[in-house]
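Please read the points against the structure as displayed.

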Amino acid sequence: MADPDGAAPAPVPAAEPHRVPVEVPGGGYEVVIGPGARSLLPGVVAATGARRAAVVSARPWEWVPDPGVPALRVEATDGEPDKTLATVGALCERFAAFGLTRQDVIVSVGGGTTTDLVGLAASLFHRGTPVIHLPTSLLAQVDASIGGKTGVNLPLGKNLVGAYWQPRAVLCDTEFLSTLPERELVNGYGELARCHFIGAPGIRGLPLREQIAASVALKASVVAADERDTGLRHILNYGHTLGHALEIATGFALRHGEAVAVGTVFAGRLAGELGRIDAARVAEHLDVVRGYGLPWRLPRGVAAGELVALMRRDKKATGGLSFVLDGPAGATLVHGVPVEAVERTLTAMPVADD
């Protein structure tokens, strides 16, 4: 979110950035994390050989570096309401009118919904045009911009239409984080909290920049092993099955990271209900989520039956209810979870006061 006056992030003293490689079958790329990382954009664009660029930004233009080639500028809006196929179509129309070719490049500047949306548009335009992400929210820097998953929502569910399209680079400029309102910063903690249970225990004790790098490194290792969600990559959806249902049930009043945080607490409780983990490990889920200052109770006025119906539409579900759950061997995707156990766990969840 921009400052009220639209001012660009204030520069901070230069520091050596973290560089995390993401190795995928189609070719690797780097995620660069640190203050001033956005200044690398012209060099990254030049490396693609692009003669033109389309820059889609949900942030003030003074925040956006010059890509170094003639560029189309397209204003975007972060948020789930615009994350639709209609918006993808409108973007592609703008690209075509500008004369963008598949040898050119598309740049996204914004939060997680913008990287998802622009990534999908890039994957479809000319059947695939290079894309570079400049994520500006914590949520996008720790998760959404990395790994090549793109997608938009349908009225019946979140991210039901998408494609795998890896970026050429991701530039996580941590100066952008100084512009975020407190709630948006906390929202990003939701994805960090779930990292504790999928391979990065103790991450909360690190400085924020190192937490971002640790989350990116974890995701990079998972994506390298399973680019297209055929197995291991499912663990990245820890807390997301209920999280996505809560987003839809609340009309996105509950933000993604907030919903994932509640979903993470629920996943711990459900794993305990199924006898996969002990009471101490269940309690650890709540401790980690609350330690980040995240919401951990169900929102008032959302019925268990509605949430179960929404979770049945989750992308991971191939028959019945499926969840990524903690267990003796760590987090794993569990199919065929009994609906009775899910309903009991939902009913026992605390409800927020307002």
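**Helix packing and a hairpin**

1. Helix 5 and helix 8 cross in the left-handed sense, meaning that the near helix is turned anticlockwise from the far one by less than a right angle. The model is predicted, with local features needing pLDDT of at least 70 and side-chain atom pairs counting only at pLDDT 80 or more, while totals for chains, interfaces and linings use all residues. Residues are numbered from 1 along each chain as its sequence is written, and side-chain values use heavy atoms, with hydrogens and water left out.

2. Helix 5 (residues 182-195) packs against helix 8 (residues 256-273) at an angle of about 40°, and their axes lie 7 Å apart. That angle makes helix 5 oblique to helix 8, since angles under 35 degrees count as roughly parallel, over 145 as roughly antiparallel, 65 to 115 as roughly perpendicular and the rest as oblique.

3. In the contact (heavy atoms within 4.5 Å), Arg183, Asn187, Gly190, Glu191 and Arg194 of helix 5 meet His256, Gly257, Glu258, Val260 and Thr264 of helix 8. These contact residues comprise one nonpolar, five polar and four charged, with Gly counted among the polar ones.

4. Strand 10 (residues 321-325) is mostly covered, five of its five residues being buried (under 20% relative accessible area, 1.4 Å probe, protein chains only). Leu321, Phe323 and Leu325 point one way from strand 10, whereas Ser322 and Val324 point the other way.

5. Strand 10 pairs with strand 11 (residues 332-337) in the antiparallel sense over four bridges, where pairing requires at least two DSSP bridges. Leu321 has Val337 of strand 11 as its bridge partner. The two strands form a hairpin with six residues between them, and Gly330 in the turn has a positive phi of about 95°.

Conventions
Axes fitted to C-alpha atoms, helices over the stretch in contact; angles between N-to-C directions. Buried < 20%, exposed > 50% of the residue type's maximum accessible area, 1.4 Å probe, protein only.
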